[in-house]
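The sequence and structure come first.

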Amino acid sequence: VVFKAKDSHGSFLRYYMLVAIIALASYLGIKLLVDVLCMPKIISKILVDGLLFVISYRVQNKLVFKKK
């Protein structure tokens with residue numbers, strides 16, 4: 001289990017902050033592509049969430065679950 005260690009409280013908070021930011025970015029990115037660029041919803045969802053997946057992975061490696 002990832003968050004069981006005594007010093008994982010900071011990682012827990014950073015992870016859930018990242019989840020909230022990614023969810024908001026997903027919503028706003030899809031809304032922008034659909035409303036402003038008239039892109040189909042499914043294409044917008046694939047593009048935005050694919051990009052956010054890569055960003056989330058990199059942030060998790062560097063900030064959330066960083067080694068001391």
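## Overall fold

Of the contacts in the protein chain between residues at least 6 apart in sequence, 48% join residues at least 24 apart. The model is a predicted one. The protein chain has 2 helices and 0 strands. Its length is 68 residues, and buried residues make up 21% of them.

## Packing of H1 and H2

The axes of H1 and H2 lie 9 Å apart, and the two helices pack at an angle of about 155°. Because angles over 145 degrees count as roughly antiparallel, H1 is described as roughly antiparallel to H2. The crossing of H1 past H2 is right-handed.

On the H1 side, the residues that meet H2 are Ser11, Arg14, Tyr15, Leu18, Ile22, Ala25, Ser26, Gly29, Ile30, Leu33 and Val34. Their counterparts in H2 are Lys41, Ser44, Lys45, Val48, Asp49, Leu52, Ser56, Val59, Gln60, Leu63 and Val64. By residue class, the contact of H1 with H2 divides into 12 nonpolar, 6 polar and 4 charged residues.

## Buried residues of H2

Which residues of H2 are buried? They are Ser44, Val48, Leu52, Ser56 and Val64. Helix H1, residues 9-35, is included in what covers them. As background on spacing, an α-helix has 3.6 residues a turn, so residues three or four places apart point the same way.

Ser44 sits in helix H2, which spans residues 41-64. Its relative accessible area is 0%, so Ser44 is buried. Apart from neighbours within four places in sequence, Ser44 is in contact with Ile30, Leu33, Val34 and Met39. Val48, also a residue of helix H2, is buried with a relative accessible area of 10%. With residues up to four places away in sequence not counted, Val48 touches Ala25, Ser26, Gly29, Ile30 and Leu33. Val48 and Tyr27 are 8.9 Å apart in space, C-alpha to C-alpha, and 21 residues apart in sequence.

Ile55 is another residue of helix H2. Is Ile55 buried or partly exposed? Its relative accessibility of 37% is why Ile55 counts as partly exposed. Between Ile55 and Ile22 the separation is 33 residues in sequence and 8.9 Å in space, C-alpha to C-alpha.

Ser26 belongs to helix H1 and counts as buried at 10% relative accessibility. What does Ser26 touch, not counting residues up to four places away in sequence? The residues are Lys45, Val48, Asp49 and Leu52.

Leu33 is likewise placed in helix H1. The relative accessible area of Leu33 is 15%, so this residue is buried. Leu33 and Lys45 are 12 residues apart in sequence, with a C-alpha to C-alpha distance of 9.0 Å.

## The loop residue Cys38

The loop between H1 and H2 contains Cys38. Most residues other than glycine have a negative phi. Phi of Cys38 is near 55°, a positive value in a residue other than glycine. Cys38 has a relative accessible area of 63% and is therefore exposed.

## Aromatic rings

A pair of aromatic rings is described by the distance of the centres and the angle of the planes. The count of aromatic pairs comes to 2. One of them joins Tyr15 and Tyr16: the centres are 5.1 Å apart, the planes make an angle of 85°, and the pair is edge-to-face. The edge-to-face label applies because the angle is over 60 degrees.

Phe12, Tyr15 and Tyr16 form one aromatic cluster. Tyr15 is partly exposed, with a relative accessible area of 26%. Tyr16 is also partly exposed, with a relative accessible area of 44%.

Terms used. Residues are numbered from 1 along each chain as its sequence is written. This is a predicted model: local features need pLDDT of at least 70, side-chain atom pairs count only at pLDDT 80 or more; totals for chains, interfaces and linings use all residues. Side-chain values use heavy atoms; hydrogens and water are left out. Helices (H or I, at least four residues) and strands (E, at least two) are DSSP runs, numbered from the N terminus. Buried means under 20% relative accessible area, exposed over 50%, partly exposed in between (1.4 Å probe, protein chains only). Contact means heavy atoms within 4.5 Å. Rings of Phe, Tyr and Trp (its six-membered ring) pair if their centres lie within 6.5 Å; planes under 30 degrees apart count as stacked, over 60 as edge-to-face and the rest as tilted. Axes are lines fitted to C-alpha atoms, for helices over the stretch in contact, and angles run from 0 to 180 degrees between N-to-C directions. Angles under 35 degrees count as roughly parallel, over 145 as roughly antiparallel, 65 to 115 as roughly perpendicular and the rest as oblique. A crossing is left-handed if the near helix is turned anticlockwise from the far one by less than a right angle, and right-handed if clockwise. Ala, Val, Leu, Ile, Met, Phe, Trp, Tyr, Cys and Pro count as nonpolar, Asp, Glu, Lys and Arg as charged, and the others, Gly among them, as polar.
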